[in-house]
Amino acid sequence: MNYRHAFHAGNFADLVKHAALLQVLARRPAGPLSIIDTHAGRGLYDLGGPEAQRSGEAAAGIGQLMRASDLPEPFAPLRVAVSRLNGGGETRLYPGSPLLIAEALRPGDSYLACELRPEEHSALAGAMKGRAGVKTACADGFARAADLPCEGEALVLIDPPFERADDYARIVETLGAIGRRNPRAQVMVWLPIKDLETFDGFVRDAEDVGAGPLLVAEARMRPLADPLKMNGCALVFARPADGLDGVLDAICAWTVQALGDRGQARVWRAG
Ligand SMILES: C[S@@+](CC[C@H](N)C(=O)[O-])C[C@H]1O[C@@H](n2cnc3c(N)ncnc32)[C@H](O)[C@@H]1O
């Protein structure tokens with residue numbers, strides 16, 4: 001396992017994922033919510049560190065977003081969160097999904113953040129220390145998704161690094177398991193878009209395990225000419241909250257237009 005999210009934190013794909021996540025959390029059900037983040041990362045990223053400086057991805061992502069004058073409203077909660085984290089000054093720190101989720105928790109909610117790499121988990125545990133309702137586990141997040149309560153409101157974020165060939169199959173298996181365990185659970189999956197065959201195959205497999213109807217949001221950053229490149233990203237939602245279609249459309253459209261190169265945004269339903 002070589003993937004380190006510090007190289008990619010704050011890139012276009014994080015912006016789509018995190019802006020959408022904050023919109024999902026804003027539409028949360030009224031009762032207590034159980035959240036599992038299967039692939040949590042370290043929770044907080046230093047954009048002045050060598051990884052972010054070397055890749056330049058944050059500069060081309062959150063750096064642009066913080067300066068944009070045409071940002072659509074659905075990005076506002078992310079911009080506020082990043083600005084607050086940086087004390088209103090220069091963007092040196094970027095929040096991962098754990099920090100965004102932990103900030104949105106209400107009394108009675110519970111949040112389990114799973115991270116398999118011990119050094120990443122150690123940083124995550126530090127970032128989450130002292131927060132009520134939050135637990136972290138240095139564990140396989142796919143397996144721990146089965147810890148979801150069988151009843152009540154639940155949300156699962158699945159955001160693997162896709163460095164293993166079986167990541168797609170494990171997501172599909174986990175979608176099926178979550179649906180059987182708690183049929184109310186909302187699931188949000190992040191995926192790279194390389195070629196359409198792989199992506200469409202995943203959507204079909206997800207429907208086949210009964211995860212549908214699905215809401216799909218795609219930010220294709222460039223024409224899908226080279227299947228070896230990450231040409232964009234997608235979010236796939238099982239049992240999505242009402243009112244997400246329009247905000248996802250605005251998030252993907254701005255990302256593609258402002259940060260992409262002849263790309264295309266699409267929001268559609270499957271199943
Ligand atoms: C894309 S990053 C997560 C980013 C995070 N969700 C966010 O939005 O800030 C994927 C993370 O999953 C971790 N990981 C890889 N395989 C895992 C597994 N089976 N279970 C839990 N974590 C895993 C990697 O070490 C990496 O930190």
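**Exercise 1.** Which residue in β4 does I36 stand opposite?

*Solution.* The model is predicted: local features need pLDDT of at least 70, side-chain atom pairs count only at pLDDT 80 or more, and totals for chains, interfaces and linings use all residues. Numbering starts from 1 along each chain as its sequence is written. Strands (E, at least two residues) and helices (H or I, at least four) are DSSP runs numbered from the N terminus. Strand β1 (residues 33-37) and strand β4 (residues 110-114) run parallel and are joined by four bridges. In β4, L112 stands opposite I36.

**Exercise 2.** State the strand order of the open sheet and identify its edge strands.

*Solution.* Two strands pair if DSSP finds at least two bridges between them. The eight strands follow the order β5-β4-β1-β6-β7-β9-β8-β10, with mixed pairing. Pairing on one side only marks β5 (134-137) and β10 (264-270) as the edge strands.

**Exercise 3.** Determine how α1 and α11 are oriented to each other.

*Solution.* Axes are lines fitted to C-alpha atoms, for helices over the stretch in contact, and angles run from 0 to 180 degrees between N-to-C directions. Helix α1 (residues 12-26) packs against helix α11 (residues 244-259) at about 160°, with the axes 10 Å apart. The two helices are therefore roughly antiparallel (angles over 145 degrees). Contact requires C-beta atoms, placed from the backbone, within 7 Å. Among the contact residues are F12 and L15 of α1 and L244 and V247 of α11.

Methods:
Angles under 35 degrees count as roughly parallel, over 145 as roughly antiparallel, 65 to 115 as roughly perpendicular and the rest as oblique. Two residues are in contact if their C-beta atoms, placed from the backbone, lie within 7 Å.
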